Amino acid sequence: LESSFREGRDAKLSIDDVDPGAVEAVLKYAYTCIFEFGDVAAALTLAHRYEMPKLVALCVRRMLDDVTAENVADIAATLNVYLEHEEVAKVWPKFLAIVGQDQKLMDVAMRNVKKARHA
């Protein structure tokens, strides 16, 4: 917080675009290395923004542990946003394998890609 930006002048950081629970979970992780939060995508956003590669890796691994027909499209979209990050790029092939091995997941994922393209 040492800069000419508002955060540096005020010694205050305002995070208004993410669920406050995600902010608390990321702060707890920063101090304790314990991560307990359900909205992993929100935590991933913060972990990426504040350059916390171990938390990024933890978030993407948790996402892969819980791929369902209900969330496969959201997980694909979230991972795609951060695909340039080394930890996300590492798990992308695993995600593709999970989806490729399950016809229902593949069907849901592909149907949502079509919707997104025409939206």
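Me: What is the handedness of the crossing of α3 and α4?
Reply: In this predicted model, the crossing of α3 and α4 is left-handed.

Me: How do you know how α3 and α4 run relative to each other?
Reply: Helix α3 covers residues 40–49 and helix α4 covers residues 53–65. They pack at an angle of about 155 degrees. Angles over 145 degrees count as roughly antiparallel. Therefore α3 is roughly antiparallel to α4. Their axes are 9 Å apart.

Me: Which residues in α3 and α4 meet?
Reply: From α3 come Val40, Ala41, Ala43, Leu44, Ala47 and His48. From α4 come Leu55, Val56, Cys59, Val60, Arg62 and Met63. The residues of this contact divide into 10 nonpolar, one polar and one charged.

Me: What makes the pair Glu36 and Lys28 a salt bridge?
Reply: The side chains meet at 2.9 Å, N to O. The cut-off is a Lys or Arg side-chain nitrogen within 4 Å of a carboxyl oxygen of Asp or Glu. Glu36 and Lys28 therefore qualify as a salt bridge.

Me: Why are Glu86 and Lys90 separated by about one helical turn?
Reply: Because they are four residues apart in helix α6, residues 86–100. Glu86 is exposed at 55% relative accessibility. Lys90 is partly exposed at 47%.

Me: What makes Arg111 and Asp107 a salt bridge?
Reply: Their closest N and O atoms are 3.0 Å apart. Within 4 Å is the requirement, so the pair counts. Both residues lie in helix α7, residues 103–118. They are four residues apart, about one turn of the helix.

Me: Why do Arg111 and Asp107 get their accessibility labels?
Reply: Arg111 has 52% relative accessibility, so it counts as exposed. Asp107 has 34%, so Asp107 counts as partly exposed.

Me: Which residues do salt bridges with shared partners join into one network?
Reply: Glu86, Glu87 and Lys90.

Me: How many salt bridges does a search of the whole structure find?
Reply: Five.

How values were computed
Residues are numbered from 1 along each chain as its sequence is written. This is a predicted model: local features need pLDDT of at least 70, side-chain atom pairs count only at pLDDT 80 or more; totals for chains, interfaces and linings use all residues. Side-chain values use heavy atoms; hydrogens and water are left out. Axes are lines fitted to C-alpha atoms, for helices over the stretch in contact, and angles run from 0 to 180 degrees between N-to-C directions. Helices (H or I, at least four residues) and strands (E, at least two) are DSSP runs, numbered from the N terminus. Angles under 35 degrees count as roughly parallel, over 145 as roughly antiparallel, 65 to 115 as roughly perpendicular and the rest as oblique. A crossing is left-handed if the near helix is turned anticlockwise from the far one by less than a right angle, and right-handed if clockwise. Contact means heavy atoms within 4.5 Å. Ala, Val, Leu, Ile, Met, Phe, Trp, Tyr, Cys and Pro count as nonpolar, Asp, Glu, Lys and Arg as charged, and the others, Gly among them, as polar. Buried means under 20% relative accessible area, exposed over 50%, partly exposed in between (1.4 Å probe, protein chains only).
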